[in-house]
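Keep the structure open beside you, try each task yourself, and then follow the solution step by step.

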Amino acid sequence: MEVITPALRLFRSILRIRRVEEALAERYAEQEMRCPMHLCIGQEAIAVGVCETLKTSDRVFSNHRAHGHYLAKGGDLNAMVAEIYGRATGCCGGRGGSMHLIDLGAGFMGATPIVGGTIPLAVGAAWSASLLDKNYVTVVFFGDGCFEEGVMHESLNFAALHKLPIVFVCENNDFSVYTRLDERQPDRPIYRLARAHGMAAYSGNGNNVEEVLSLSTEAINAARQGLGPQFLEFHTYRWREHCGPNFDDELAYRSMDEIEAGKHACPLVDYEKKLKQKDKQFADNVETFEAEINEEILAAFEYALSSEKPSVLDAERKIYV
């Protein structure tokens, strides 16, 4: 396809992640994907805005809600879908499923479901870059619940002490499963805790991809220039249930008014409106993107379902301890 503008590239990336997640949700009921799955619908702009500034050589670590981070960093869609289906062609050989994605060639170092589990790993990668004088930046994505884990604070302290080239990205969607932030933590902005550890820290609207991109560009450049760790807190909203493809509105842990307000702040629709005002040909681009993305998604599912399942012998491979 023709070279597209940076704005269209951002939009297409958000759209692609949204359509992939919707396709996974639609097919999950077929009972072929036998792993838990955490969708990032409503939160796509953070992954896209942050990863847009990164180089392939930069390293990204993620958490249980990893699909958007993986795709935005350049992870292979075929390998991701195959992994979720538990196939041998998956990015972890079908061993890990949705919450254990990896693509070293794209600089996506891995995701784990343990709350805060990848944060010290990311700090270790950044420390390695510092010790070996490698010019790459490490980014780690995590949720607001990580601030209830000791390793979060230990990692911030270590990164600040050694002025490591790392960017901490907190996706604050206000919930840890079904429990609201103000029921779990005192009333204070999360980013100020990071600032208290001795690093630059900022907060922004995670549903505005341009704002995410602007803050991320500054933070990543600062980390790359040796100015030490950076911290970004982005406020966003999770549309669907904590774990699974469905909506859980009937549980009433959040009001219908709140849910509607969260969806109204949709990062995809919001950006589409902005671009329509600037570009009369935008609708044609959207139609092209939709067709291309749909074709890519169908091919990925076909690839996964036609791939071999792991054999018994595979269980003995890639075991290091």
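**Exercise 1.** Which residue in E4 is the bridge partner of Val 139?

*Solution.* Please keep in mind that this is a predicted model. Start at Val 139 and look across to E4, where its bridge partner is Val 167. Next, widen the view to the two whole strands: E3 and E4 run parallel and are joined by 6 bridges. Then turn to E1, which also runs parallel to E3, with 3 bridges between them. On that side, Phe 61 has Val 140 in E3 as its bridge partner.

**Exercise 2.** Work out the order of the strands in the open sheet, and find which strands stand at its edges.

*Solution.* The sheet has 6 strands with parallel pairing, and the order reads E2-E1-E3-E4-E8-E7. Now look at the edges: strand E2 (108-111) and strand E7 (200-205) each have a single partner strand, so one side of each lacks a neighbour in the sheet. For one more pair, take strand E4 (residues 166-172) and strand E8 (residues 230-235), which run parallel and are joined by 6 bridges. In this pair, Phe 168 stands opposite Phe 231 in E8.

**Exercise 3.** Are the residues of E3 and H2 buried or exposed?

*Solution.* Take E3 first: 6 of its 6 residues are buried, and the strand is mostly covered. Its residues point two ways, with Thr 138, Val 140 and Phe 142 going one way and Val 139, Phe 141 and Gly 143 the other. Both groups are buried. Now check helix H2 (residues 44-51): 8 of its 8 residues are buried, so the rest of the structure largely encloses this helix. Among the buried residues of H2 are Glu 44, Gly 49 and Cys 51.

**Exercise 4.** Describe how H1 packs against H10 and against H4.

*Solution.* A reminder before you start: two packed helices are described by the angle and the distance between their axes.

1. The axes of helix H1 (residues 6-28) and helix H10 (residues 267-278) come within 10 Å and cross at roughly 150°. That angle is over 145°, which means that H1 is roughly antiparallel to H10.
2. The crossing of H1 past H10 is left-handed.
3. Residues of H1 that meet H10 include Leu 10, Ile 14 and Arg 18, while those on the H10 side include Leu 268, Tyr 271 and Leu 275. By type, the residues of this contact are 9 nonpolar, no polar and 3 charged.
4. For helix H4 (residues 77-84), the axes of H1 and H4 come within 12 Å and cross at roughly 25°. H1 and H4 are therefore roughly parallel to each other.
5. This time H1 passes H4 in a right-handed crossing. Arg 16, Val 20 and Leu 24 of H1 make the contact with Leu 77, Met 80 and Ile 84 of H4. These residues divide into 5 nonpolar, no polar and 1 charged.

Notes: Residues are numbered from 1 along each chain as its sequence is written. This is a predicted model: local features need pLDDT of at least 70, side-chain atom pairs count only at pLDDT 80 or more; totals for chains, interfaces and linings use all residues. Side-chain values use heavy atoms; hydrogens and water are left out. Axes are lines fitted to C-alpha atoms, for helices over the stretch in contact, and angles run from 0 to 180 degrees between N-to-C directions. Helices (H or I, at least four residues) and strands (E, at least two) are DSSP runs, numbered from the N terminus. Angles under 35 degrees count as roughly parallel, over 145 as roughly antiparallel, 65 to 115 as roughly perpendicular and the rest as oblique. A crossing is left-handed if the near helix is turned anticlockwise from the far one by less than a right angle, and right-handed if clockwise. Contact means heavy atoms within 4.5 Å. Ala, Val, Leu, Ile, Met, Phe, Trp, Tyr, Cys and Pro count as nonpolar, Asp, Glu, Lys and Arg as charged, and the others, Gly among them, as polar. Two strands pair if DSSP finds at least two bridges between them. Buried means under 20% relative accessible area, exposed over 50%, partly exposed in between (1.4 Å probe, protein chains only).
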